[in-house]
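Open the structure in your viewer and keep the sequence panel beside it. We will go from stop to stop, selecting as we go.

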Amino acid sequence: MVQHQRYNQLKNGGDEEAATLVFVWTNRGYYRRRRPKILSFLLLSLLSCGFILAPHFFSFSSALSHLYFFGVQNDGLSGDLDVNAPLCSSISNGSVCCDRSHFRSDICFMKGDIRTHSPTSSVFLYSPKNSDDNVSSTVDGDELQHEKIKPYTRKWETSIMATIDELNLISKRRNSDVDHSCDVIHDVPAVIFSTGGYTGNVYHEFNDGIIPLYITSQQFNTEVVFVILEYHDWWVMKYADILPHLSSYPPIDFNGDNRTHCFTEVITGLRIHDELTVDPILMKNNESIVDFRNLLDRAYRPRITGLIRKAQEKTSGCALATPKRMHNEPKLVILSRKGSRAITNQNILVKAAEEIGFEVHVLRPEPTTELAKIYMELNSSDAMIGVHGAAMTHFLFMRPRCSVFIQVIPLGTDWAAETYYGEPARKLGLKYIGYKISRRESSLVDEYDKDDPVLTDPSSLNQKGWEYTKKIYLERQTVKLDLTRFRKSLLRAYDYITRIHLQSQHLA
């Protein structure tokens, strides 16, 4: 059966759309590097902080990992996958090319008559049989090339990669006497990837999955099919607002769909640049993490419009204004935790922030909290405070060049806090303030002697391995903020927001 379905048809209950068998290779090429026009971008971003825009024009808003192990650094990893690299940049019809040169992930390219075979975890590329081939008509042709790949972006982390399904990419001679019929024919490329591994942790879902998927698929302008290993219905539902902006077609469950899907171009594996970022130098059109964030804006806009309408609210742009703010106070969102790494004097923190002039909202995301609601809350905020952890990934929902992100850094988490969230937040264009707690602000001071290395030399404990870091600094530590000391960070944030607001008004 020949099928070609668009994703929005599936979502809206549309009929399946028949398509003819077309094998077309679109040479999208590789592009000269162009550095983004940073000055113009900064000016436009600053201007956007001052305009009060109609809801349908502006960016709608307001709504850890095993690599946490400090032995894995970023040295030499940034920008490790270059679309301009010569390896596999141009392959001939009937070819398989794998780039295994990078630390974070492998990526393989296939071009020609490509057919999936999920029962054997294989993707076959059939080459025409030469007239002088002496292959028995009862045998499916010679195997020309056999590559194996686990399409997940944590290649260096052997423990988690051991849990990822492996895929066989096999090039063979076609035998005209053997049935290679297609059940589903696609006239657009496919990108194959896994949603296994650490999927279920929001940091990994964005860092290892959604952002690399954006990087890899942008060149196709949504004319691409996603084929997913270790498919999860809940993952597809969770990111149902985003996926149609990356692909116009419904995703395929590789293991659950035994039909033969036929393509003319397949990419297996995902490109990844660095932690929670997009390197514009490595992208076809100089897209950056800000462009990814703009995609989130477009993705969540319809849902948020409905939420706003339902609540009879309207949202402004970057200026200091959210409807019902009596005195036009900047909005501060506290991402609250319970249990480990919770702020135990959060109520006093709220009062201190209100005294400075913030309108404070406390948000405690749960695993079931709809991402659009978190996005709406944070996109309409001027500042966010949170203790280091996976939930800090939500800084991606804040407005570039307008917002302040304050990350509270518990003992023993300095490197991870900076690497996973601090530097990426700066790349997004946020004002980042890292607040490193003192020993007396940590609950560990009540468990250990004042001269214990746990308190005096956390790096020595981290060097012993992930289990030490996890059990001591992540699972057993809470924070009691010194509000006299922390008030300085609040004032820095308030002054920055006020200054940006005044500058944007002047430019407007």
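**Stop 1: the whole chain**

Keep in mind that this is a predicted model. Show the chain as a cartoon. It holds 13 helices and 15 strands. The chain has 508 residues, and 56% of them count as buried.

**Stop 2**

Select residues 331–335 and residues 359–363. These are strands β11 and β12. They run parallel, and five bridges join them. Zoom in on I334. Which residue in β12 is the bridge partner of I334? It is V362.

**Stop 3: the disulfides**

Take them one by one.

*C88 and C97.* Select both residues. Their sulfur atoms sit 2.0 Å apart and form a disulfide. The angle about the S-S bond is -85 degrees, and this link is left-handed. Are the two ends buried or exposed? C88 has a relative accessible area of 6%, so it is buried, being under the 20% cut-off. C97 is at 16%, so it counts as buried too.

*C98 and C108.* Move on to C98. A disulfide joins it to C108, with 2.0 Å from S to S. Here the angle about the S-S bond is 110 degrees, and the link is right-handed. The pair links distant parts of the chain. C98 lies in strand β1 (residues 95–99), C108 in strand β2 (residues 107–117), and they are ten residues apart. Check the burial again. C98 is buried at 16% relative accessible area. C108 is buried at 0%.

*C182 and C262.* Finish with this pair. A disulfide joins C182 to C262, with an S to S distance of 1.9 Å. The angle about the S-S bond is -100 degrees, and the link is left-handed. Where does each end sit? C182 is in the loop between β5 (167–173) and β6 (184–185), while C262 is in strand β10 (residues 261–268). The two are 80 residues apart, and the pair links distant parts of the chain. Both C182 and C262 are buried.

Technical notes
Residues are numbered from 1 along each chain as its sequence is written. This is a predicted model: local features need pLDDT of at least 70, side-chain atom pairs count only at pLDDT 80 or more; totals for chains, interfaces and linings use all residues. Side-chain values use heavy atoms; hydrogens and water are left out. Helices (H or I, at least four residues) and strands (E, at least two) are DSSP runs, numbered from the N terminus. Buried means under 20% relative accessible area, exposed over 50%, partly exposed in between (1.4 Å probe, protein chains only). Two strands pair if DSSP finds at least two bridges between them. A disulfide is a pair of cysteine sulfur atoms within 2.5 Å.
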